[in-house]
Amino acid sequence: MTILPFTMAAGEALALGFATGPVCVATCGPVVVPWMLAQSEGVRRHGLQLGLFMTARLTGYLLFGAAVWLAGAAIPRAWTGRSWLLGAVQVLLAVSLAAYATGWPRRRPKCAQRPEPLVQIGEPMRGKARSALALGFLTGINICPPFLVAGVRAVQLDSLSASLLFFALFFVGTAVWFLPLLSLGLLRRTPAVVTVARAAALLLACWYGFSGVLVLIERVIYG
Amino acid sequence: MRKRILAVAGYVAAALTLFVALSVPFVLMGGIAKAFAQAGFNLAPVYSGGTVARTIERNGYRIQVYQPVRPRPFQNGEPFVQVAFVPASALPAQICEEIDLDGYGRPDVRVSFAVPSNPQTPMRGDVQALNDRYDTLTGIGADSYSRFLARTGDRIVLRIPLPRHD
Amino acid sequence: MASQASPTMSAPAFRSVGRSMLLTVPMALWSLLMFTPSFLHAGPDSRIACGVVAAFMTVLFYQMMRTGTTYRWRRYFFVALGLLFPVGFIASLVAVRGSMSIPIERMVSGDTPFCYMVTPMLIIPAALTRTLIFPGSILPTASNPHSIAAMIGIWLAMTLVLGKAWCSYACFFGGIEEGFAALPKHARIRKLDPRFRLAPWAILLAVVLLSAVMFEPVYCMWLCPFKTVTEFPAVRDAETALQFGIFVALFLGLVVALPLLTKKRTQCGFFCPFGAFQSLFNKINVFDIRFDRTKCVDCGSCRSACPTMAITAESVREGKTLLNCMKCGACVDSCKKDAAVWHVKGTAVAGKPERARLLFLYGAWAMATMFGGSVLAHGVATLIHFVARN
């Protein structure tokens with residue numbers, strides 16, 4: 001295992017993140033765009049929501065960075081379990097998006113004495129924060145090729161904190177490409193726009209669910 | 001006054017639309033097509049096979065080895081590398097070639113197939129792996145985007161799957 | 001001189017024979033111009049077909065001038081287009097490769113003809129990576145004249161003229177369901193949830209975003225009902241079999257059954273994402289349909305007549321249609337009070353609707369003759385060839 005000087009690695013992390021940013025936006029787009037469109041308008045409100053989403057995404061990145069460094073080079077190179085995680089993440093994304101689109105579960109009266117679910121979609125603001133965090137985290141741990149390339153580089157660093165910093169800088173490189181999504185806050189929200197966004201989110205949830213189940217079935221059958 | 005200006009502008013726009021309609025078959029259609037073609041777009045690598053990495057000259061034909069093509073996130077399919085034998089019309093009746101796919105200077109696979117005289121005839125061929133990075137494929141035809149052997153136009157295209165974790 | 005009679009579907013002549021013929025002359029000349037090259041260089045089947053179609057288009061336009069109505073005559077052309085396009089297309093496929101299915105070799109060789117419905121899905125991948133996610137060829141080739149550049153050229157040029165009226169004058173699929181919708185006397189399902197109108201936008205958003213992720217045209221791979229009457233990826237495994245099953249189910253449901261039950265263009269109005277995409281061009285198109293509030297009595301005829309629910313009570317109160325109006329003319333022709341009128345943006349609503357209609361129709365019919373007419377001619381030539389051979 002070669003040890004890279006971190007200054008070189010830092011530049012590489014930023015460059016890699018910036019170069020693969022369009023792929024990240026395209027990959028996260030089906031999750032982020034309908035979710036943002038279904039909310040009230042306002043660039044500031046969208047900025048806050050996108051910030052929460054990106055924070056959760058960063059958390060996913062850092063968790064992966066830590067796991068990669070701790071396990072060594074084995075994970076990126078020959079980890080056939082990657083498709084298990086991909087399938088599971090897609091199914092979870094599907095459930096989250098569907099819950100958000102349909103407004104399920106509905107808020108229960110305080111006297112119902114039931115614990116609040118992990119993801120509560122829709123009004124009020126607190127529910128939106130949970131959806132931002134859930135969707136952000138799930139997209140953050142979606143292991144796509146640029147992510148794996150970053151993982152291969154990160155294991156060559158000499159400490160866990162260096163690996164985490166590498167992933168954080170990689171994240172910053174990709175995050176630049178998410179800034180134009182703030183312009184969605186300028187779009188006037190009519191009931192039609194929100195209905196379209198929620199319907200699109202439901203359709204995408206069906207797609208992710210179908211895709212995730214297929215991946216898991218393939219893993220079960222073919223190993 | 002404002003209403004009059006808007007009305008005049010509207011009718012001018014309507015007349016212009018008519019003018020545009022008349023120009024469509026003679027100028028506009030072809031002009032847009034030309035501009036689009038020159039805009040520097042490329043076909044998706046899963047369809048086109050990607051870009052040529054290197055060319056190996058042979059007697060009367062050449063072998064083009066392409067850059068590896070990898071699936072996008074959420075995209076089904078295996079990564080593959082495309083090899084093209086060009087021109088198909090100049091190929092001998094039987095091809096048996098050892099090809100360096102990754103450019104490291106050593107042959108990775110041995111490819112063998114018969115070149116049918118009728119271009120419409122479906123093809124079958126074999127790919128024998130010369131190292132453990134590739135799989136040996138027997139009777140490969142036009143099976144999928146990543147496992148493919150067929151004549152397309154005046155070239156014979158072969159696609160060999162790459163290991164997924166590469 | 002034009003009569004002042006109300007231009008309803010069964011009204012007496014709106015315009016004299018002489019004046020109608022005079023107004024038709026430019027369109028007749030245009031038809032001659034469009035069909036003469038094919039006429040001169042083609043075989044006897046194609047010559048007859050060109051003559052028949054040129055006459056057909058000219059007669060329909062004459063009828064539009066004579067009666068002052070649009071919808072019925074446009075529908076004859078449009079249904080003929082929907083029926084004859086598959087005839088000519090499928091015959092070409094069978095002649096060249098013996099089947100409607102696209103073998104994977106043709107996709108790899110870039111021989112898949114480009115369909116304009118892919119256009120919205122190309123945008124994000126092309127913008128971000130300069131990549132076209134379609135198994136065709138960018139430039140025309142001997143084996144694929146319908147290249148991506150050529151078809152984009154045709155689509156964009158015509159869209160600048162037509163806007164969303166593409167769905168009434170150019171799309172070679174919409175006529176199929178319009179034909180089915182015209183068959184029953186009355187609708188069996190009369191009440192439709194108006195939110196269905198938003199479904200094409202949701203599907204558009206979903207397929208555009210997914211296509212950017214998957215790097216393939218998701219709508220074409222999974223959701224296009226018209227694969228059933230054109231071409232589809234060869235069935236070679238469970239996935240392609242499932243895709244084919246979905247195409248057939250959507251076709252039978254949205255294009256055949258629902259139009260028969262509702263007398264609406266259900267695929268166009270409640271599903272087609274390309275239609276939603278075309279609606280955006282209505283924003284820049286200078287023609288639209290308006291409602292003269294001084295004449296409108298809120299009878300609802302226009303709402304009932306509209307094949308895609310592009311008119312609501314609220315929109316009529318505001319004097320306009322919704323963004324997804326296809327400018328088919330059904331509402332104008334059904335209105336007994338002449339309140340629904342053709343309109344040029346910027347001009348007065350109650351100004352000169354017939355002038356607006358003429359300005360629109362000359363452009364739209366010119367496009368229909370150029371594009372749809374050539375497809376009709378190919379279909380007719382195929383039928384003539386088939387009949388003559390047998």
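Predicted model: local features only at pLDDT ≥ 70, side-chain atom pairs only at ≥ 80, totals over all residues.
Residues are numbered from 1 along each chain as its sequence is written, chains are lettered from A in the order in which they are written, and side-chain values use heavy atoms, without hydrogens and water.

Polar contacts do turn up, with seven residue pairs between chain B and chain C, both residues at pLDDT 80 or more. Such a contact is a pair of N or O atoms within 3.5 Å; within protein, one must be able to donate a hydrogen and the other to accept it, and residues adjacent in sequence count only if both atoms are side-chain atoms.

Here is the make-up of the side of chain B that touches chain C:

| Class | Residues of chain B |
|---|---|
| Nonpolar (Ala, Val, Leu, Ile, Met, Phe, Trp, Tyr, Cys, Pro) | 31 residues |
| Polar (the others, Gly among them) | eight residues |

In total, 44 residues of chain B are in contact (heavy atoms within 4.5 Å) with 51 residues of chain C. The buried area, meaning accessible area (1.4 Å probe) lost on being put together and summed over both parts, is about 4000 Å², with 74% from carbon and sulfur atoms. On the chain B side, Y11(B), F36(B) and Y47(B) lose the most area to chain C, together 17% of what that side buries.

Terms used: Buried area = accessible area lost by both parts, 1.4 Å probe.
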